[in-house]
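Please read them with the structure open.

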Amino acid sequence: VVDFLMPSLGPDMEAGTLVEWLVKPGDRVKRGDVVAVVETQKGAIEVEIYQSGEIEQILVPLDAKVPVGTPLARLRGEGEAKPGAPSVLTAPSPAISKPAAVAVQRTPIAQTAPPAVPVPSITGRVRASPAARKLAETRGIDLTSVAGSGPAGAITYADVDRPAAKPAAPAEKRRGPSLDVNAMRTAIAAAMARSKREIPHYYLEHQVDVSACERWLAENNAALPPDNRILMGALTIKAMALAVRRFPAFNGFYRDNKFEPSKAIHVGVAISIRGGGLTAPALHDADQLSIGELMSGLRDLVQRVRAGRIRSSEMADPTITISSLGERGVDALYGVIYPPQVAIVGFGKVAQRPWVVDGAIGPRSVVTMTMSGDHRVSDGHAGALFLAEIGKLLQEPGKL
Amino acid sequence: MNDIDIRKIVKEELGNIAPEIDLATVEPTADLREAIDIDSMDFLNFITAVHHRTGIDIPEIDYPKLVTLMGMLAYLDAKLKAAKK
């Protein structure tokens, strides 16, 4: 029997409020399932479980605020014997009083299956939490008919659970449980102040001709429906993820006075939130994703961030961050490293510039790429090579 | 595809992206990206949603025609009319 703990979702998190349980005693879970939603300064985070087994007991009730490390639920691992009595008296499921062996054999039937991976609403019309979607599906409720009380009108479990006859009170509508802008500002302030206190930043910039990327995007996207179109951002993320494989000094964490390089490349993507604030959750193993996979992962991440639904692992483990202020933004941005990471790469807007190619001046699409590095871990020389490598990879977008 | 109210659809879908904006206050000839602060991802999501709701195909090469509210409505109206013929 193991305890499922309140996770640390960032270096500055001390406590979290349990706002939604997506499992109940007797439910089988597997590694990676989203089992609860925790409210933090960064908004509502979907918390995944890291062990497979069966939920034995819920230890923390809804709306309780508890410190990081507090046991939230008790989990019985695969194959562990069950205790004689059900742990919770309220409405035990039929399976719970049966011996474990039987339950295991029954798995195909008892499975409550598809993992709680939210299907992003492609149209962006209905924003709803995975739990809300599941409940709506179970009850045959059309989500478009439900008033959302979450951020940007996102539909929460409680919205679906509410009796149909009673519409959402207007006063509740904008309040929502997640994305408190002031709390998020406090979290950003704490992380950024710590970064500037502790991390000796150095800054580099490098201009890159991205005409090849633009041509590739135009050709690739011309034949595709909007669902499958690729944005420049996906190319830059992939190029950076591939480049950092060769430059491990920019990928990992600086903790307890030493650098721990990370084998995995989880790219934190800085995503701004309307009304203020930003967050940089991870696109996991970005170096191993195809451009198409990376693009759909990016779309999914942006939509979930803006609907206030990020998963715990995405908050906790980016190994390097990338930030772009978009096509209307500035020429260059110099990022502040998000501790305990050791580098952040920035992309300015792509602009037409006079550029010398093969001895002649011509108009080219050029972007200014920057990097802020942690001087405790790396030096400008390595940083320059790293940026040059990204630039080189962007010359052959078809190979990304 | 007969009675598609394109104004309503545009209003709803832009509203999903920028819920705090009252489109009635947006200049019809203003660049929407600036007027309501949408980025390339927002715009792609908008195009995707309009495509799903109306069946209108909006190739990337036509994006510049959709940067203002007026241009966008004219473009979508024309596309709908062409589809009916």
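1. Helices (H or I, at least four residues) and strands (E, at least two) are DSSP runs, numbered from the N terminus.

2. This is a predicted model: local features need pLDDT of at least 70, side-chain atom pairs count only at pLDDT 80 or more, and totals for chains, interfaces and linings use all residues. Residues are numbered from 1 along each chain as its sequence is written, chains are lettered from A and ligands numbered from 1 in the order in which they are written, and side-chain values use heavy atoms, leaving out hydrogens and water.

3. The buried residues of H6(A) include Ala183(A), Met184(A) and Arg194(A). Buried means under 20% relative accessible area, exposed over 50%, partly exposed in between (1.4 Å probe, protein chains only). Down the helix axis, the buried residues of H6(A) fall within an arc of 140 degrees, so they line one face. The arc is taken from the directions from the helix axis to the C-beta atoms. Exposed Asn182(A) and Arg197(A) sit on the face turned away from the buried side.

4. Now strand E18 (residues 343-347) of chain A. It is largely enclosed by the rest of the structure, because 5 of its 5 residues are buried. Ala343(A), Val345(A) and Phe347(A) point one way, Ile344(A) and Gly346(A) the other.

5. E18(A) pairs with E17(A) in the parallel sense over 4 bridges. Its pairing with E20(A) is antiparallel, over 5 bridges. Two strands pair if DSSP finds at least two bridges between them.
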